Amino acid sequence: GYNKSNAKIEIYYDDKKKDGAKNKKTSFFYEKTGLDIFLMAMALGKDIGSKTPIPSGGKANNLPTSSLSDTGMWAMISVALAEKDSNLDTLSDGTKIYDICEGYANTGILPLITMDETGEIGNYQSKFEDKFKKYIE
């Protein structure tokens, strides 16, 4: 989900408005899904290192679980398991996994929108990939 009480975020996720990221040809997320936006915002929020809860009554559910790939699912599980209080029992609680990921996505969404509007998102993705390669090499 996302924070629908923030107009900028709501427009960004909206797939019906021309200013929505998925419809804007200049956006990194042109013709991608809300789940793609969520996962990138989650990664950015995790990199920032904090979770921001969505205010009560401000949550919009828009993520098409049908587009959740094994890779996306494991990314979310990995983020959840990296939490201090997580353990293998966390794997059996899909709500807890989602809440953790949603908190990071809510932290990362506004910086992500700014990066997309300024064209810096490509640079961030490259830095993120470089950081990831260091872990696996």
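1. Helix 3 and helix 4. In this predicted model, helix 3 and helix 4 are roughly perpendicular to each other. Their axes cross at roughly 90 degrees, and that value falls in the 65 to 115 range that counts as roughly perpendicular. Helix 3 covers residues 70–81, helix 4 covers residues 94–118, and the two axes come within 9 Å. Both figures matter for a description: two packed helices are described by the angle between their axes and the distance between the axes.

2. Residues at the crossing. From helix 3, the contact takes in Met76, Ile77, Val79 and Ala80. Helix 4 answers with Ile97, Tyr98, Ile100, Cys101 and Tyr104. By class, the contact has 9 nonpolar residues, with no polar and no charged ones. Note that Tyr and Cys count as nonpolar in this scheme.

3. The cavity. How many cavities of 30 Å³ or more does the structure hold? The count is 1. The largest cavity has a volume of about 40 Å³. Its lining consists of Gly1, Tyr2, Asn3, Tyr13, Ile54, Glu102, Ala105, Asn106 and Ile109. Strand 1 (2–3) and helix 4 are the elements that give two or more residues to this lining. Which element gives the most? Helix 4 does, with 4 residues. By class, the lining of the largest cavity divides into 5 nonpolar, 3 polar and 1 charged.

4. The second largest pocket. About 180 Å³ of space lies in this pocket. Lys8, Ile11 and Tyr12 are among its lining residues. What is the class make-up of the lining? It has 4 nonpolar, 2 polar and 5 charged residues.

5. Helix 4 across the points above. Helix 4 meets helix 3 through residues including Ile97 and Tyr104. Helix 4 also gives 4 residues to the lining of the largest cavity.

6. Glu31. Check the backbone here. Phi of Glu31 is near 65 degrees, a positive value in a residue other than glycine. Where does Glu31 sit? Glu31 is found in the loop between helix 1 (7–13) and helix 2 (34–48). Is Glu31 buried or exposed? Glu31 counts as exposed because its relative accessibility is 64%, and the cut-off for exposed is over 50%.

Technical notes: Residues are numbered from 1 along each chain as its sequence is written. This is a predicted model: local features need pLDDT of at least 70, side-chain atom pairs count only at pLDDT 80 or more; totals for chains, interfaces and linings use all residues. Side-chain values use heavy atoms; hydrogens and water are left out. Buried means under 20% relative accessible area, exposed over 50%, partly exposed in between (1.4 Å probe, protein chains only). Axes are lines fitted to C-alpha atoms, for helices over the stretch in contact, and angles run from 0 to 180 degrees between N-to-C directions. Angles under 35 degrees count as roughly parallel, over 145 as roughly antiparallel, 65 to 115 as roughly perpendicular and the rest as oblique. Contact means heavy atoms within 4.5 Å. On a 1 Å grid over the protein atoms alone, a cavity is a set of points where a 1.4 Å probe fits but cannot get out, and a pocket is an open set with protein on both sides within 12 Å along at least five of seven lines; lining residues have an atom within 4 Å of a point. Grid points are joined across faces, edges and corners, and a volume is the space filled by probe spheres set on the points.
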